[in-house]
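Biologist: I'd like to learn how to read ring pairs and ligand contacts in a model. Could you walk me through them?

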Amino acid sequence: MATGSRLAALSFLFSLLSPDDCAFSPEQIDPLLYEEQLLWVSGFQGEVNTYRIPLLSFTPKGSLLAFSEARKFSEHDKGQKFIAMRRSTDKGATWSPTSFIIDDGAIVDGLNLGSVVVDEEVGLVIVIYVLCFNHDHCSPSSTMMVESRDDGLSWSKPRNLTVQLGVKSFCPGPGFGIQKRYNPAKGRLVVCGHGTLKANGVFCILSDDHGQHWYNGGALKSIPYNQNKKAQDFSPDECQPLELTDGSIVINVRNQNSFHCRCRMVVRSYDGGLTLPIDSLYFDYELVDPAVAAGALLKDNVLYFTNPSNEQHRVNLTLRWSLTDGNSWGEKAMQIWAGPSGYSCITSLDSGSTDDEKYIFVIYEKGHTNYDETISFAKIHLFGGQ
Ligand SMILES: *[C@@H]1O[C@H](CO)[C@@H](O)[C@H](O)[C@H]1NC(C)=O
Ligand SMILES: *[C@@H]1O[C@H](CO)[C@@H](O)[C@H](O)[C@H]1NC(C)=O
């Protein structure tokens, strides 16, 4: 028996003896675009002008849910919208037809997405969005929540969280919120987002009772706060939180006015999202960024990051990974799409099966001339390029 196959036989034996051990090691990561399909195509098909702001989530039952803003009459951030959803029960191979789970009606300053957060303790999927974010012909801004208890098949009536949170304009995400898996505050739901350009910053809202009650957590405010900004002012914006295995929360943040660098800001919370201390803020020079909403995910101790990796333009959607919680990034990177590309969101399934160890799923804005032409779903085999 050659040494290689003896080793293979040995590692097979060990995998039988210790089924919890990962079959792959992080050093072996060499991603391959395994499968890609367009979930939404903009361009006045049916009632929808433009699809933007994609969110992607796992569910407690191992399905995938994709969401986007279906902008009814224009590509603009304001205006009337639906929340569009598609669902996959076979790890992204096939998807349900689009259902519009929310219709904001006819208001001028329509809904904006948003965060999706899964409460695994009670088997709940929650979507949080905002109405009247810009106070255009309406007031106040309302933070709204819908939930599904049946794996995304049906959704509750919207609940108005502004009653609990106060009337500050808060746009969650875009991306996912988290449920704390480790102490402090194990079980807490943490949803982070941003304010309007004037009153910008990263703001987190928290729930310790599975989404019944929400309260305001940490804030990292822009400077000057509540005033018009100039180029290069400090303006933390759209953000994606994730939990490290030490229980701290790391938030990867859009640097709206390119303060200090054309790169990502990172802020960390050590108390379950109650505070976002300025001392913990740093700039990740390796993650160059044109000011956009980016994707981040921690899976099996590897931190993944997606953005259009370019200082000026929304092009070059790239996947990077870190074996050191984001302190450094591998020299290799994977280009998912060279052309126009915008917002992205990453998720994965985590049943403990070897199959689920192998894949991450990325949803992103993708086009040939403009990044808002389509929303694409990419299944990435982490060890496929070997
Ligand atoms: C949400 O609640 C706030 C505070 O009570 C209220 O002012 C606002 O009109 C409500 N929004 C919606 C959409 O019902
Ligand atoms: C695309 O991203 C990679 C990784 O950050 C970078 O090396 C490359 O220069 C980028 N290309 C363009 C055209 O931005």
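**Rings, charges and a ligand**

Modeller: Let's start with a charge over a ring: Lys379 lies over the face of Tyr359, 4.5 Å from the ring centre. The term applies if NZ of Lys or CZ of Arg is within 6 Å of the ring centre and within 35 degrees of the ring normal. Lys366 likewise lies over the face of Trp337, at 4.1 Å from the ring centre.

Biologist: What should I know about the model itself?

Modeller: It is a predicted model, where local features need pLDDT of at least 70 and side-chain atom pairs count only at pLDDT 80 or more, while totals for chains, interfaces and linings use all residues. Residues are numbered from 1 along each chain as its sequence is written, chains are lettered from A and ligands numbered from 1 in the order in which they are written, and side-chain values use heavy atoms, with hydrogens and water left out.

Biologist: How many aromatic pairs does a search of the whole structure find?

Modeller: A pair of aromatic rings is described by the distance of the centres and the angle of the planes. Rings of Phe, Tyr and Trp (its six-membered ring) pair if their centres lie within 6.5 Å; planes under 30 degrees apart count as stacked, over 60 as edge-to-face and the rest as tilted. The search finds 10 aromatic pairs. Phe24 and Phe383 are stacked, because their ring centres are 4.2 Å apart and their planes at 10°. This pair links distant parts of the chain, 359 residues apart.

Biologist: Which residues are around ligand 1?

Modeller: A residue is near a molecule if one of its heavy atoms lies within 4 Å of it. Around ligand 1 are Leu131, Pro140, Ser142, Asn160, Thr162 and Val163. A polar side-chain atom of Ser142 lies 2.8 Å from a nitrogen atom of ligand 1, and a side-chain N or O atom of Asn160 is 2.3 Å from an oxygen atom of ligand 1.

Key: Helix = DSSP H or I, 4+ residues; strand = E, 2+ residues; numbered from the N terminus. Polar contact = N/O pair within 3.5 Å; in protein donor to acceptor, adjacent residues only side chain to side chain.
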